Structures are given as structure tokens and as C-alpha cells.
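Let's take a walk through a protein fold together. Have a look at the sequence and the 3D view, then read on.

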Amino acid sequence: MIDKNISSILSIANEVLTSIDKEEFKAISNFKEIPNERGIYLIKERDGDVFYVGSASKRTLYDRVVKNHLRGNIRNSVLRKKLVKNKGLKEENIENYLLNQCQFIFREIKDFDEVLAVEHLVILILRKNKRTLFNEGKE
């Protein structure tokens with residue numbers, strides 16, 4: 001059982017990581033494009049650099065991305081805090097920036113534990129490959 005779970009986690013993480021450079025840039029044009037399932041998501045800028053990896057293990061990807069990041073507030077979203085601090089964005093400009101200058105890569109994962117394991121593995125691998133992530137030092 002354990003070997004099957006580890007194999008599944010490694011396979012999903014590999015799939016997510018290989019999709020980073022394969023997918024053409026495409027901004028979210030409609031919130032209906034966001035899956036209404038558990039899973040992980042990566043956010044990358046137009047130039048292709050991933051700067052955030054997140055998960056929706058208890059809620060859906062739609063709820064996490066729309067309610068927390070796009071329409072949330074700076075108190076409840078690490079991503080929004082980091083965009084203000086690291087990119088100098090004003091809070092009222094964050095939704096526009098994320099929708100027009102960034103691409104979200106979604107991977108649905110049904111199992112709660114797999115969501116968390118894949119998220120942490122993807123972050124670890126990106127850090128080892130010298131990618132700078134806003135996930136550093138979560139507040």
C-alpha cells in the first residue's frame with residue numbers, strides 16, 4: 001500500500017513539473033476554467049517563472065484561488081501579502097495582475113494526503129533547482 005502511494009505521489013509531481021515548461025501561456029479568461037475539486041496549483045508569470053505553489057486540500061481549487069487569492073484580502077492570503085511586499089503591487093491591483101499577467105496550472109488530486117505530499121514535493125524540487133518561490137518563509 002505504501003509503495004503504491006509513494007509511486008502515485010512521485011508520478012503526479014513529475015507530471016506537474018513537466019507541465020511547467022510545456023504549457024503555452026494562457027491567462028484565466030473565465031472562472032469556470034478553475035476546477036471545482038481538490039488539488040494543487042502553480043502560478044507563473046508571463047515570462048514562465050513559477051513563483052507560487054499552493055494547494056486546496058480541504059476546499060476546492062476554485063474556492064482557494066478565487067476566494068483567497070483573486071478576491072481575498074491581504075490578511076487571509078500569503079500570496080497577496082507577498083505580491084504587495086515583493087512586487088510592490090497595491091492590493092487593489094492584485095486581481096488584475098493575477099488574471100492578466102499570470103498563468104495558473106491546475107492539477108486535480110482527489111486524495112487529501114496526496115494533495116499535501118505533492119505540493120511539498122513540488123516546492124522542494126523547485127527550490128533545489130534554484131527557483132525563487134513566494135512560499136519561502138510562509139507567514
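## Helices over a sheet

Start with α3, which lies across β1 and β2 and runs at about 165 degrees to β2. Keep in mind as you turn the view around that this is a predicted model. Another helix, α4, lies across β1, β2 and β3, running at about 75 degrees to β3.

How do α3 and α4 meet each other? They pack at an angle of about 90 degrees, and their axes are 11 Å apart. Angles of 65 to 115 degrees count as roughly perpendicular, so α3 is roughly perpendicular to α4. On the α3 side, the contact is made by L79, R80, L83, V84 and K87, while α4 brings I94, E95, Y97 and L98. Sort the residues of this contact by class and you get 6 nonpolar, 3 charged and no polar ones.

Now for the sheet itself. It's an open sheet of 3 strands in the order β2-β1-β3, and the pairing is antiparallel. That leaves β2 and β3 as the edge strands, each pairing on one side only. From one strand to the next, the twist averages 20 degrees. Here's how β1 pairs with the other two strands:

| Strand pair | Bridges | Direction | Example of residues facing each other |
|---|---|---|---|
| β1 and β2 | 6 bridges | antiparallel | Y41 with G54 in β2 |
| β1 and β3 | 7 bridges | antiparallel | E45 with C102 in β3 |

β1 and β2 also form a hairpin, with 4 residues between the strands. Check out G48 in that hairpin: this residue takes a positive phi near 100 degrees. While you're looking at β2, notice how covered this strand is, with 7 of its 7 residues buried. As a general point, side chains in a regular strand alternate between the two faces of the sheet.

## The covered helix and a tucked-in serine

Next up is α2, made of residues 61–70. How many of the residues of α2 are buried? The count is 7 of its 10, so this helix is mostly covered by the under 20% cut-off. The buried ones are L61, R64, V65, V66, N68, H69 and L70. These residues pack against β1 (39–45), β2 (50–56), α3 (78–87), α4 (94–101) and β3 (102–108). A general rule is handy when you look at a helix: there are 3.6 residues a turn, so residues three or four places apart point the same way.

Before you leave this part, find S57 in the loop between β2 and α2. Is S57 buried or exposed? S57 counts as buried because its relative accessibility is 11%, and the cut-off for buried is under 20%. Leaving aside residues up to four places away in sequence, S57 touches R38, F112, V115 and L116.

## Stepping back

What does the whole protein look like when you zoom out? It has 5 helices and 3 strands, and along the sequence they follow the pattern α-β-β-α-α-α-β-α. Of its 139 residues, 45% count as buried. The protein exposes about 8,000 Å², and carbon and sulfur atoms supply 47% of that area.

One last number is about who touches whom. Take the contacts with a separation of 6 or more: residues 24 or more positions apart account for 67% of them.

Key: Residues are numbered from 1 along each chain as its sequence is written. This is a predicted model: local features need pLDDT of at least 70, side-chain atom pairs count only at pLDDT 80 or more; totals for chains, interfaces and linings use all residues. Side-chain values use heavy atoms; hydrogens and water are left out. Buried means under 20% relative accessible area, exposed over 50%, partly exposed in between (1.4 Å probe, protein chains only). Contact means heavy atoms within 4.5 Å. Axes are lines fitted to C-alpha atoms, for helices over the stretch in contact, and angles run from 0 to 180 degrees between N-to-C directions. Angles under 35 degrees count as roughly parallel, over 145 as roughly antiparallel, 65 to 115 as roughly perpendicular and the rest as oblique. Ala, Val, Leu, Ile, Met, Phe, Trp, Tyr, Cys and Pro count as nonpolar, Asp, Glu, Lys and Arg as charged, and the others, Gly among them, as polar. Two strands pair if DSSP finds at least two bridges between them. Accessible areas come from the Shrake-Rupley method with a 1.4 Å probe; for residues, only the protein chains shown count as cover.
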